[in-house]
Amino acid sequence: MSSFTSARVTGRVVTAVLASAAALALSACGAATTASDEAPGSRVYESEFGDVTLPEKIERIVSVDFYTPAALMDVGVTPVGVVNSYFTDTDGDAIPVDYSDKIRASDAQSIGEYYELNLEAIVQAKPDLVVATQDFLPLDDPMRAEIEKIAPIVTFNARDGEAWRTRSVELAKIMGKEDLVAPLQEKYNERRDEIKAKYADMLADNAITVAAPGETEWGTYSDKHFMTPILRDLGATFREQQEDEVTTDGFPEWFSYEELGRLSNADIIFTLQNTPQEQLDALAKNTLWTNLPAVQHGMVFDYINLGPTGSFGWAMQNLDSLEALFAEVQAKIDARA
């Protein structure tokens, strides 16, 4: 399971340079100035998480999450600082390679990982703006106060299926790039509607679930989770989940394999591509699993590996992957007819 879809982050490790970096930040920004102070040449952005005062001109952006770099690059803006995964994920396991390749070919610097940010690296990047998502830099994270001494932070939601689109459009507005994001949105909508129409019957007539088999527990992603936004946008019918299967934050609750019978109302089961083979082998020996209707009918398939979506360009890749997956599913349905 990719790090940003499966990790249950309970805290943040602040690097040892915190104190010295904070001092550098104060020196660079002026002790009396904070990201919320009104200043000539500034503007106020009305964020979902509160108003943020931004400089009129933004040239240097640091991103402290996985998603916003892609949305920025879609409109021709390359961040000067990104999480380290953009440098290490060379195979496209969590981030599409065209985005990570572009970062590696640029002058962008690593600012640590979302769970262990390097404050000194953020200072050295000299950002005009830091962008984040609520998952990777929560509002109550003590690191925020230190980062706000360096630059204002605009925070976006990441916990629902619409968040990727909102981030993409809003970042384009912040950068004055609405004219560049509009055709991307139009292109995505046209391609989505084409696939949606092609597989309308299959998507309407079959209840789908996206399952995450763990070593000792399993869970499923809901239609509102950020693992399933494009699947939902295509009009898929999701199996009805029981109330205790989703947390208040919209994340999966985890259950023992003795409760696999919950999945009996799924016609099609998608499992995460990077599920370890030993877990799949264990499932194949589990009678509760093999007795599920979807399993008995051979309707279990690998899910796309880049389900969490960061931008319109990323979403287009997911549309292509889902179209190929739907073709495989439809062929199985036709063979059974």
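**Strands and their partners**

Strand E9 is covered on both faces: Ile153 and Thr155 are buried on one side, and Val154 and Phe156 are buried on the other. This is a predicted model. Its average pLDDT is 88, and 88% of the residues score at least 70.

*Pairing of E9*

- E9 pairs with strand E8 (residues 129-133). The two run parallel, with 4 bridges between them.
- Within that pairing, Val130 has Ile153 of E9 as its bridge partner. Ile153 is also one of the buried residues of E9.

*Pairing of E11*

- Strand E11 covers residues 217-221 and is mostly covered, with 4 of its 5 residues buried.
- Strand E10 (residues 207-213) runs antiparallel to E11, and 4 bridges join them.
- E10 and E11 make a hairpin, with 3 residues between the two strands. Across this pair, Val210 stands opposite Tyr221 of E11.
- E11 is also joined to strand E13 (residues 255-256). That pairing is antiparallel too, and it has 2 bridges.
- Here Glu217 stands opposite Ser256 of E13.

*Gly161*

- Gly161 lies in the loop that runs from strand E9 (153-156) to helix H8 (163-174).
- Is Gly161 buried or exposed? Gly161 is buried, because its relative accessible area is 1%, which is under the 20% limit.
- Beyond its neighbours within four places in sequence, Gly161 contacts Lys224, His225, Pro229 and Arg232.
- Gly161 and Pro308 are 147 residues apart in sequence. Their C-alpha atoms are 8.9 Å apart in space.

*Lys126*

- Lys126 sits in the loop between helix H6 (119-125) and strand E8.
- The phi angle of Lys126 is near 50°. That is a positive value in a residue other than glycine.
- Lys126 has a relative accessible area of 62%, so the residue counts as exposed.

**Salt bridges**

- Side chains of opposite charge can pair when their charged atoms come close.
- The model has 18 salt bridges.

*Asp101 and Arg104*

- Asp101 and Arg104 form a salt bridge, at 2.5 Å from N to O.
- Both residues are in helix H5 (residues 97-104). They are 3 residues apart, so about one helical turn separates them.
- Asp101 is partly exposed at 40% relative accessibility. Arg104 is partly exposed as well, at 28%.

*Glu162 and Arg165*

- Arg165 and Glu162 form another salt bridge, with the closest N and O atoms 2.6 Å apart.
- Arg165 is buried, with a relative accessible area of 10%. Glu162 is partly exposed, at 32%.
- This pair belongs to a network. Salt bridges link Glu162, Arg165, Arg192, Asp193, Arg232 and Asp233.

*Lys198 and Glu323*

- Lys198 and Glu323 form a salt bridge, with the closest N and O atoms 3.6 Å apart.
- What does this pair tie together? Lys198 is in helix H9 (residues 178-198) and Glu323 is in helix H15 (residues 312-336), so the bridge ties together parts that are 125 residues apart in sequence.
- Lys198 counts as exposed, at 55% relative accessibility. Glu323 counts as buried, at 17%.

**Aromatic rings**

- The count of aromatic pairs is 16.
- Which residues do ring pairs link into a cluster? They are Phe66, Tyr67, Tyr99, Tyr114, Tyr115, Phe136, Phe226, Phe251 and Trp314.
- A charge over a ring is found at Phe255. The charged end of Arg262 sits over that ring, 4.0 Å from its centre.

**Confidence**

- Where pLDDT is low, the predicted coordinates should not be read in detail.

Conventions: Residues are numbered from 1 along each chain as its sequence is written. This is a predicted model: local features need pLDDT of at least 70, side-chain atom pairs count only at pLDDT 80 or more; totals for chains, interfaces and linings use all residues. Side-chain values use heavy atoms; hydrogens and water are left out. Rings of Phe, Tyr and Trp (its six-membered ring) pair if their centres lie within 6.5 Å; planes under 30 degrees apart count as stacked, over 60 as edge-to-face and the rest as tilted. A charge sits over a ring if NZ of Lys or CZ of Arg is within 6 Å of the ring centre and within 35 degrees of the ring normal. pLDDT is the predictor's confidence in each residue, from 0 to 100. Buried means under 20% relative accessible area, exposed over 50%, partly exposed in between (1.4 Å probe, protein chains only). Contact means heavy atoms within 4.5 Å. A salt bridge is a side-chain nitrogen of Lys or Arg within 4 Å of a carboxyl oxygen of Asp or Glu. Two strands pair if DSSP finds at least two bridges between them.
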